[in-house]
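Here is a friendly walk through one model, written for someone who likes cut-offs stated next to the values. Please have the viewer open as you read.

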2 protein chains.
Amino acid sequence: MLHKIINLTVRDVRFPTSLEQHGSDAMHSDPDYSAAYVVLDTDCGLKGFGLTFTLGKGTEIVVCAVKALAGLVVGKSLQEIVSNFRGFYRLLTSDGQMRWLGPEKGVIHLATAAVLNAVWDLWARAEGKDPKRIVSCIDFRYITDVLTEDEALDILVKAQEGRQQREDQMLKEGYPAYTTSCAWLGYPDQQLKQLCTDALKSGWTKFKVKVGADLEDDVRRCRLIRQMIGPNNTLMIDANQRWDVDEAISWVSKLAEVKPLWIEEPTSPDDILGHATIAKCHNRVMFKQLLQASALQFVQIDSCRLGSVNENLAVLLMAHKFQVPVCPHAGGVGLCELVQHLILFDYICVSANLSNRMCEYVDHLHEHFANPVVIQDAHYMPPKDPGYSCEMLESSVKRHQFPEGDVWKLHQNK
Amino acid sequence: MLHKIINLTVRDVRFPTSLEQHGSDAMHSDPDYSAAYVVLDTDCGLKGFGLTFTLGKGTEIVVCAVKALAGLVVGKSLQEIVSNFRGFYRLLTSDGQMRWLGPEKGVIHLATAAVLNAVWDLWARAEGKDPKRIVSCIDFRYITDVLTEDEALDILVKAQEGRQQREDQMLKEGYPAYTTSCAWLGYPDQQLKQLCTDALKSGWTKFKVKVGADLEDDVRRCRLIRQMIGPNNTLMIDANQRWDVDEAISWVSKLAEVKPLWIEEPTSPDDILGHATIAKCHNRVMFKQLLQASALQFVQIDSCRLGSVNENLAVLLMAHKFQVPVCPHAGGVGLCELVQHLILFDYICVSANLSNRMCEYVDHLHEHFANPVVIQDAHYMPPKDPGYSCEMLESSVKRHQFPEGDVWKLHQNK
């Protein structure tokens, strides 16, 4: 079966999350969680679903970029794409004219992720993969000084030992998660308390707190959370790029008393030589240098900012080489649904290690997906449906499509 | 006079340069030099013109992004903008929802540059500036560990000495330039020879050659150019990000015999820790680190990839602090027209130094501008018309507008 792609549609889907301050942090005070949502149609009826995550305004720019990439996808067969997936990745990221708009960063890379996520979804519905197949999906351009194709294959082959046991373990216990839902910056203290109480009851032991807007507020909120969760649970803080380098050092030292495990995005995501202790990067070249410079102690991959599974594979393998734990970024719209696949793959097929590893979880918007994530006792339970889990319910898409959906007609002042 | 901005229009203007291989290099084999072209209208009739440079396909994405930013500009007065220009810069680059699409990189940053270039043009047509005014345009976020506001002011105040002499010198002699027009990758040898002969006759002494597609070709073409220009003229090579780090080292060693002054963009523009000896970066945070890491010997600013004059000022000042010469990137559509202002400012108001400094020049598409650059004996002669020199002829815009202009109707297969 060739599965020829005969059509690509992309839609601007937005959820008015800013109304209740969900997702608020030091740099994003009123995000409306949104997605550029891609559907691939094939001649045999099989579909592929993909998306990239955005914050509302500007989603139409990503939609425009996906449309510009569509011409490189429609007319090709899945067979043709995956038989040289590295080449196809490069076709999208290195088009002689569109490359100028990135390269491999910003709007054009988000659009690339949305398209490739849909291709992976389609492929996942069609067949299985082996280590050689996986390595052939990675574009090693610019990272061969740190990881070659042979080394990557070697890592995957070695990790085949114990794979079945790890798979069984995941199916039984799931992958450890932490929650960011309790402590968005815009929530009042009473709401923080209630959410913490509820989360503790549901078995959560690891909590992330948004900081960076006001030091006094941060001290009060972090103390409150630490008090609620006790000394033995884990607390992380996230400044969402709010500080300059020196500012970060002095601010964080005043929050040291609450013993955060990590400080996330203290400064510009481009500042490798700054004091980034953890980072959400936009491509494999940035991750490569952060690893080379020992500038991070945890790697936060993102299923929609990097160039889909292809580029995430490169980062997972480099992180393994440098023995740095991967703790994915998630939340938003669909990021949890997508990233669970990557982190389960990391454990079962690459790192074989759970120490100091956990995957972010945010409890919003899952109800809009055909196969939402399943969380059990603060663990991600492996998805059992074929595909990459980013198919949305058609009724949700219709209601939230911007600007014509019913939800947006109601909030026309947005 | 408040100069209230009452309208912003943006158009997709493309020139079919790929037909004759103008602009061809190792990563961009068929660029159609293009621009997202912005015009601001004010209530008093004064206009501001701005643009950002692109390579053809995808220009519509930048146009879409400019439209998304328009709401932050229209309705404001020039007075209001420049009285807190740093705040206005941050309004465009740090919008709580659109920031996610960059930040400060890719499509959204190119769009920011187009809009801000138009604001600077408008401002230049209205009035003058002093050091304090200039410093107030710079967003120091993420660079204060290397350059503070006080240090920046100090540099500008010190450079006031000798300013008048340098201004007179520039008006008389112009700013030294080098040419990239002779050696695009797609030109046959006979054309290289002819273009070199012509350029030498016109007084050119510094030549840039595109390399990186095929080593044997590169050796032949570089030897040919070195032979044409003789041992005392200057030759630079540019690989346009073609190589991995190790590949760059071995390839360049085979071109060492032609004695290139610099090797431009040997690898990924994101790879600070790689062997980048010169770089075109996408924002001030990247330039900051390249300077900190001593990873470049020449700074190539770009008037349309950085966030307009505002961000270029930050980079010029940091380069001065590290005593690294600035040799701007130009060419494309309008880049020469824009960047001449920056490099003249650098000499007259910041560096006061011409040693090892020169500005790129490419001899294409100047005829479409209302005030094209004037080159005399391989020097940029200072522009004397008010503004930022990026107003295009309306007849040119109409003919080249994509896809409805006459030129594109003729090349419908593009």
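In chain A, Pro103(A) sits in the loop that links helix H3 (85-93) to helix H4 (106-126); helices (H or I, at least four residues) and strands (E, at least two) are DSSP runs, numbered from the N terminus. This is a predicted model, in which local features need pLDDT of at least 70 and side-chain atom pairs count only at pLDDT 80 or more, while totals for chains, interfaces and linings use all residues. Residues are numbered from 1 along each chain as its sequence is written, chains are lettered from A and ligands numbered from 1 in the order in which they are written, and side-chain values use heavy atoms, with hydrogens and water left out.

Most residues other than glycine have a negative phi, and most peptide bonds are trans. The bond from Gly102(A) to Pro103(A) is cis, with omega near -15°. In chain B, the bond from Gly102(B) to Pro103(B) is also cis, with omega near -15°, and Pro103(B) is in the loop between helix H3 (85-93) and helix H4 (106-126) of that chain.

The accessibility classes used here are buried (under 20% relative accessible area), exposed (over 50%) and partly exposed (in between), with a 1.4 Å probe and protein chains only.

| Residue | Phi | Place | Relative accessibility |

## A buried threonine

Thr267(A) lies in the loop between strand E7 (263-264) and strand E8 (278-279) of chain A. At 4% relative accessibility, Thr267(A) counts as buried. A polar atom of its side chain is 2.8 Å from the backbone oxygen of Trp243(A). Beyond its neighbours within four places in sequence, Thr267(A) is in contact (heavy atoms within 4.5 Å) with residues including Gln241(A), Asp244(A) and, from chain B, Tyr142(B).

## Sheet and core

Chain A has an open sheet of three strands in the order E1-E2-E3, with antiparallel pairing; two strands pair if DSSP finds at least two bridges between them. Its edge strands are E1 (5-14) and E3 (47-54), each pairing on one side only. E1(A) and strand E2 (residues 34-42) are joined by nine bridges, and Val10(A) has Val38(A) as its bridge partner in E2(A). H4(A) lies across E1, E2 and E3 of chain A, running at about 150° to E3(A). For that angle, axes are lines fitted to C-alpha atoms, for helices over the stretch in contact, and angles run from 0 to 180 degrees between N-to-C directions.

Phe85(A) is one of the residues that touch the most other members of the largest nonpolar core, which has 274 residues. Such a core is a set of buried Ala, Val, Leu, Ile, Met, Phe, Trp, Tyr and Cys residues joined through side-chain atoms within 4.5 Å. Among the contacts of Phe85(A) beyond four places in sequence are Leu116(A), Trp120(A) and Asn310(A).

## How the chains relate

A rotation of 180° with 0.0 Å of shift along its axis superposes chain B on chain A (RMSD 0.0 Å). That is the relation of a two-fold axis. The superposition is by least squares on the C-alpha atoms of residues with pLDDT of at least 70 in both copies. Of the residues of chain B, Gly106(B) comes closest to the rotation axis, at 2.3 Å (C-alpha).

Note on methods: A polar contact is a pair of N or O atoms within 3.5 Å; within protein, one must be able to donate a hydrogen and the other to accept it, and residues adjacent in sequence count only if both atoms are side-chain atoms.
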